[in-house]
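Reader: Could you walk me through the charged side-chain pairs in this one? I'd like to see it first, then ask a few things.

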Amino acid sequence: GTPWASDVHLTPDGRFLYAAERTSSTLAAFSVDAKTGLITKLGSFPTETQPRGFNIDPSGKYLLATGQKSDKISVHAIDQNNGGLTLLGRYPAGKNSNWVEIVSFD
């Protein structure tokens, strides 16, 4: 199908870039070369249906994604060595979710 992107985020350390693709309900992962800024595709990972918004926590260890056609939020662990995503769990989020905001109470 035709790609239909919705959101893009970089990990706090600048090593990995992620983009949500709504048509395939996936998150594309890329590595970022620190010297040149060039990106290399690492792979695509399934997530919530028609992902609209996602965010990366300040530690860069977790990515949370929600889907416009899903009533859940997915929590993915970010592999610090290769940027891969591992689904840790799915939790209720309400209907028609559009974005994810992570708030720290430190």
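**Charged pairs**

Author: Let's start with Asp 71, which is partly exposed at 38% relative accessibility (buried means under 20% relative accessible area, exposed over 50%, partly exposed in between, with a 1.4 Å probe and protein chains only). A heads-up: this is a predicted model, where local features need pLDDT of at least 70 and side-chain atom pairs count only at pLDDT 80 or more, while totals for chains, interfaces and linings use all residues. Residues are numbered from 1 along each chain as its sequence is written, and side-chain values use heavy atoms, with hydrogens and water left out.

Reader: Which side chain does Asp 71 meet in a salt bridge?

Author: A salt bridge here is a side-chain nitrogen of Lys or Arg within 4 Å of a carboxyl oxygen of Asp or Glu. The Asp 71 pair has an N to O distance of 3.6 Å. The partner is partly exposed too, with a relative accessible area of 26%: it's Lys 72.

Reader: Is Glu 48 buried or exposed?

Author: Glu 48 pairs with Arg 90 in a salt bridge, with the closest N and O atoms 2.7 Å apart. Glu 48 sits in the loop between strand E4 (39-46) and strand E5 (51-56), and Arg 90 in strand E8 (residues 85-92), so the pair ties together parts 42 residues apart in sequence (strands are DSSP runs of at least two residues, numbered from the N terminus). Arg 90 is partly exposed at 45%, but Glu 48, at 2% relative accessibility, is buried.

Reader: And how many salt bridges does the structure hold?

Author: Besides those pairs, Asp 13 and Arg 15 meet in a salt bridge at 3.7 Å, N to O. The count for the structure is 3.

Methods. Helices (H or I, at least four residues) and strands (E, at least two) are DSSP runs, numbered from the N terminus.
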